[in-house]
Amino acid sequence: MTRLSNFVPLKMTTTLIISLVLVIGAIVNGAESRPSNNNNNNRARAFFVFGDSLVDSGNNNYLATTARADAPPYGIDHPTHRPSGRFSNGFNIPDLISQRLGSESVLPYLSPELRGEKLLIGANFASAGIGILNDTGIQFVNIIRMYRQLEYFEEYQRKVSAIIGASAAKNLVNQALVLITVGGNDFVNNYYLVPYSVRSQQYPLPQYVKFLISEYRKLLQKLYELGARRVLVTGTGPLGCVPAELAQRGRNGECSVELQRASSLYNPQLERMLQDLNTKIGRDVFVAANTAEMHLNFITNPVAYGFTTSKIACCGQGPYNGLGLCTPLSNLCPNRDLYAFWDAFHPSEKANKIIVEQIMSGSTRYMNPMNLSTILALDTTT
């Protein structure tokens, strides 16, 4: 009787073994398909970047295009002291935001280094020369236009799903921070590119701005559909005040009136469109960054921000160093921290730091409806 009471029938033993194998298998497979909770807790939120040369970190280095920053003296103040594809003497705005997130800089999507665990940090899809419209920057030929950047974002999500599973990939994207900077080129490299441009013949400026806003809205709606839930949207800077426009259109060192008019029409309409999108969605997905106002602070009063000039680019040639590209043969200032502009169009690293400080902690005059510090605080409590 004792022996019988300890006996387990063969069929029951087999069932128990199979059940144990299935349970253990599920645990192992689950551990392989997603990062551990500890890793998730320690990892900074993912960061995705879309847009133009103001935020391109090197995608165009992998393309056959003239819109590249892959030669000295670009990158002269970067930790590597080498050109990296950033249109800056050092760090650009995405780099500086990554630092605030406690993360390393996100890699260009076309970089062969962006694979495996690196994908979980995020990706930069931006490409110099592009605009909201597909015909913007046609002179640069092979650039990643906005529709293609969004296609790459979809492709990215498939890659990440293969690593951590579809559910975890969806969470990674939903919880990520997104930055999009686009629109300036639709004026300087389209509407005002040449006298009597196609778009300027097609639309008076106010109607062109409305057209841009309506097309931009479609892109942002698509970005939301692809899972973006916290999106910083920068307006255009003061387009008429960059060294290139001072050299070509300005009079006596004054900002170009026509390009400033374009900025003044575009930026308020962009902010209203973002507010309307948020209302329809029912939450604050899109955050407007008033980069025109941020720039104007140090353009109108450069000395207050430690600059000696906000008119002359550090690197370039011609009036205000505003003609042509920054090249090894260009004039080059010895101290980049004294210049608000690095080249004919792009802020210096120091100016980028001032802009990011406003993105982080600026009032609603600069960040509407909230700044990035508030977003980060809110998102850690939800």
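Q: Is D95 buried or exposed?
A: D95 counts as buried because its relative accessibility is 1% (buried means under 20% relative accessible area, exposed over 50%, partly exposed in between, with a 1.4 Å probe and protein chains only). This is a predicted model, where local features need pLDDT of at least 70, side-chain atom pairs count only at pLDDT 80 or more, and totals for chains, interfaces and linings use all residues. Residues are numbered from 1 along each chain as its sequence is written, and side-chain values use heavy atoms, leaving out hydrogens and water.

Q: Thanks! Where is D95 placed?
A: D95 sits in helix α4, which covers residues 93-101 (helices, H or I, of at least four residues and strands, E, of at least two are DSSP runs, numbered from the N terminus).

Q: And which residues does D95 touch?
A: D95 touches R86 and S105, leaving aside residues up to four places away in sequence (contact means heavy atoms within 4.5 Å).

Q: New topic: which way do the residues of β1 point?
A: F47, V49 and G51 point one way, while F48 and F50 point the other way, and all are buried. β1 spans residues 47-51.

Q: Which strands run parallel to β1?
A: β1 pairs with β2 (residues 122-124) in the parallel sense over three bridges, and five bridges join β1 to β3 (residues 177-181), also parallel. Two strands pair if DSSP finds at least two bridges between them.

How values were computed: A crossover is right-handed if, with the strands pointing away from the viewer, the path from the first strand over the helix to the second runs clockwise.
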